[in-house]
Amino acid sequence: MATKKDRILWADDEIDLLKPHILFLQDKGYEIVPVISGKDAIDCCKEETFDIIFLDENMPGLTGLETLAQIKEINPNVPVVMVTKSEEESIMNQAIGNKIADYLIKPVNPHQLLLSIKKNVHKQVIITETTTVGYQQEFGRIGMQINDSLDADEWQELYKKIVYWELELESSQTQMSEMLNMQKREANNAFGKFIKKNYVDWIQNPEKRPLMSPDLFKKKVFPLLDEDEKVFFILIDNFRLDQWRVVKDLLSTYFTFDESLYYSILPTATQYARNAIFSGLMPLQIEKMFPDLWVDEESEEGKNLNESPLIQTQIERFRKKYTFSYNKINDSANGEKLLANISSLSHNQLNVVVLNFVDMLSHARTEMKMIRELAQSEAAYRSLTRSWFQHSTTLELFRRIADKGYKVILTTDHGTIRVTDPLKVIGDKNTNTNLRYKVGKNLNYNPKEVFEIRNPEEVELPSPNLSSKYIFALNESFFAYPNNYNYYVSYYKNTFQHGGISMEEMMIPFITMMPK
C-alpha cells in the first residue's frame with residue numbers, strides 16, 4: 001500500500017530508543033525522517049513535505065503542543081499524531097482542539113503506528129477498494145431483484161439500496177458509478193412497467209394500495225394529533241431520498257428518525273401531488289367538491305395558492321377540531337420571519353411549513369447557465385441542497401422546533417429526475433408546458449414510449465376537455481416538440497424535471513422525527 005511518496009516525520013527526544021519501530025515502518029516501504037526536538041521538526045516542515053507527522057508531546061524546549069501549533073501554521077492539512085506518556089485529559093483536549101489526527105499513549109507498538117498511518121494516509125484508497133468490492137458483490141443481487149416481480153414495498157427497498165450505493169460510491173471516488181447509473185436506468189425501466197401495470201388499480205382500490213399522497217394526513221398526521229402531540233408538518237418541494245440522506249446527519253444532533261417512503265400520485269407535479277396531500281383527495285375530487293380551490297392547467301394564476309383552505313377542508317371533512325397554521329417559505333426573508341414568529345405558533349396543534357428552495361434550485365438550474373454549471377451532476381445537485389439546508393434558516397428552524405419538543409414530519413410532494421432522452425410529441429396550443437407529462441386533446445406521440453391515460457376519470461384526474469388524455473414520460477425521457485427541436489433538446493437535456501414516472505419522482509421520503 002505504501003509508495004515512495006509516503007514520508008513520515010518523527011519528532012521524539014528519545015528517537016534512538018525507537019529504532020526497532022523505525023525499521024518496522026521502513027520495512028513496510030515508508031521513508032522516516034527522525035528528529036529530536038520540536039524546533040528541528042518545525043525547520044523540516046518549512047523545507048520539506050510529509051504525509052504524516054508523529055510528535056512526542058513531552059520534549060525539552062518546545063513541547064509537542066507548541067510544536068503542533070506552529071506546524072499547523074506551516075501546513076494546516078498534514079495529519080499530526082500526538083504520542084505521549086500522559087493520559088491527562090487537558091492535554092488530550094488541547095491536542096484535539098488543535099486538530100490532531102490521532103492520539104497514541106506510550107509505549108506504542110509498531111502495529112498501532114501502522115494503523116494510524118493507514119487511517120490517516122491511505123484511508124481513501126482503502127475505502128475505495130472496499131466499497132468497489134462491496135458494490136461488485138451486490139451488483140448481481142440488485143440485477144436479479146430488478147428482474148423479479150416486485151411489489152410496492154419491495155420496490156421501495158430496492159430503491160433505498162440503489163441510493164445507498166450511489167452515495168457510497170460517490171464518497172469513495174470509485175470508478176463504479178457508471179455501472180450503478182446503468183443499473184439505475186435498468187431499474188427505472190422495470191419500475192415504469194410496474195407502475196403502468198398497477199397504477200389504475202391503486203387509484204380505484206385505495207384500501208389495497210401503498211401509502212400515497214392523499215393518504216398522508218388521514219393515516220400519518222391525524223393519529224399523532226389525536227394523541228395530543230404537537231406536530232410540525234414540513235414539506236420540502238422536490239426533495240428526493242438521496243437529498244434527505246445527505247442532510248440527515250445535520251439533524252441527527254436534535255432528532256431521532258423513523259424513516260420511510262411513500263408513493264406520489266401522477267402527475268408528480270406540485271399542482272396535483274401537493275394539493276392531494278393537503279386536501280386528502282385526488283385531483284378530480286378536488287375539482288368536483290371545491291371547484292373554486294382547483295386551478296386547471298390553462299389558468300394563468302399560481303397552481304398552489306389554495307393550500308391552506310385545502311388543509312381546512314380536510315380537517316373539517318374528518319370532523320376534527322385541530323388548530324393549524326400554514327407557512328410558505330420562498331426566500332430567506334420569509335425564513336427569518338418564521339423564526340421570529342415561532343413562539344406564536346406553539347398554541348397550534350399543527351403547523352404546516354412549505355419550503356420551496358429545492359424546487360427553485362431545479363428551475364434555476366434549467367434557466368440559469370451559472371446554476372447549471374454548479375449543479376451539473378447528481379452529486380453536485382445533492383451538494384447544493386446540503387449547502388442550502390445548512391446555511392439558510394432551515395437548519396435553525398429544525399433546531400428551534402426540537403428545543404420546543406415538537407414532533408416533526410418531514411416529507412415532500414414529489415421528487416425529480418435528470419432527463420437525457422428526448423421524445424417527440426405534437427400537441428395543440430392548449431397543451432401544458434411540463435416536460436414529463438402532457439395533458440391535451442390532440443396529442444400525437446408513440447404510445448409504446450409513454451404511459452397513456454385515455455380516460456383521466458379512471459385515475460381521478462380532471463379533463464380540461466371532453467377528449468383530453470394524459471401521457472407520462474418514463475425513465476429519463478422528456479417531451480420535445482418537433483419545431484425548434486434541436487434547440488429545445490440541447491436546452492433541456494441534463495436538467496432536473498418532474499411530473500412523470502421514475503423511482504426518484506414517485507418514491508419519496510416520509511420521515512417522522514422525534515426531538516432528543
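Asn484 lies in the loop between β16 (477–480) and α19 (485–492). The model shown here is predicted. In this model, phi of Asn484 is near 60°, a positive value in a residue other than glycine. Most residues other than glycine have a negative phi. Asn484 is also exposed: its relative accessible area is 60%, and the exposed class begins over 50%.

Glu460 also has a positive phi, near 60°. Look for Glu460 in the loop between β14 (450–453) and β15 (469–473). Is this residue buried, partly exposed or exposed? Glu460 has 22% relative accessibility, so it counts as partly exposed. The reasoning rests on a cut-off, because buried means under 20%.

Turn next to the backbone at two prolines. Most peptide bonds are trans. The bond from Lys106 to Pro107, however, is cis, with omega near -5°. Pro107 sits in the loop between β5 (102–105) and α5 (110–121). A cis bond also joins Leu266 to Pro267, and its omega is near -10°. Pro267 belongs to the loop that runs between β7 (255–263) and α11 (270–279).

Now consider empty space. Rolling a probe the size of a water molecule over the atoms shows where such space is left. The second largest pocket holds about 350 Å³ of space. This pocket is lined by 17 residues, and the closest to its centre are Glu166, Asn181, Lys184, Glu378 and Arg418. Which elements supply at least two residues each to the lining? They are α7 (152–171), α8 (177–204), α17 (378–391) and β11 (417–418). The largest share comes from α8, with six residues.

The aromatic rings give another way through the model. A pair of aromatic rings is described by the distance of the centres and the angle of the planes. The structure holds 34 aromatic pairs. In one of them, the rings of Phe222 and Phe318 have centres 5.6 Å apart. Their planes stand at 70°, so this pair is edge-to-face. The cut-off for that label is an angle over 60 degrees.

Phe222 is buried, with a relative accessible area of 2%. Phe318 is partly exposed, at 31%.

Tyr491 and Tyr492 form another aromatic pair, and this pair is edge-to-face. Their centres are 4.8 Å apart, with 90° between the planes. Tyr491 is partly exposed, with a relative accessible area of 26%.

Which charged residue sits over the ring of Tyr485? The charged end of Lys424 takes that place, 4.6 Å from the centre of the ring.

Terms used:
Residues are numbered from 1 along each chain as its sequence is written. This is a predicted model: local features need pLDDT of at least 70, side-chain atom pairs count only at pLDDT 80 or more; totals for chains, interfaces and linings use all residues. Side-chain values use heavy atoms; hydrogens and water are left out. Helices (H or I, at least four residues) and strands (E, at least two) are DSSP runs, numbered from the N terminus. Buried means under 20% relative accessible area, exposed over 50%, partly exposed in between (1.4 Å probe, protein chains only). On a 1 Å grid over the protein atoms alone, a cavity is a set of points where a 1.4 Å probe fits but cannot get out, and a pocket is an open set with protein on both sides within 12 Å along at least five of seven lines; lining residues have an atom within 4 Å of a point. Grid points are joined across faces, edges and corners, and a volume is the space filled by probe spheres set on the points. Rings of Phe, Tyr and Trp (its six-membered ring) pair if their centres lie within 6.5 Å; planes under 30 degrees apart count as stacked, over 60 as edge-to-face and the rest as tilted. A charge sits over a ring if NZ of Lys or CZ of Arg is within 6 Å of the ring centre and within 35 degrees of the ring normal.
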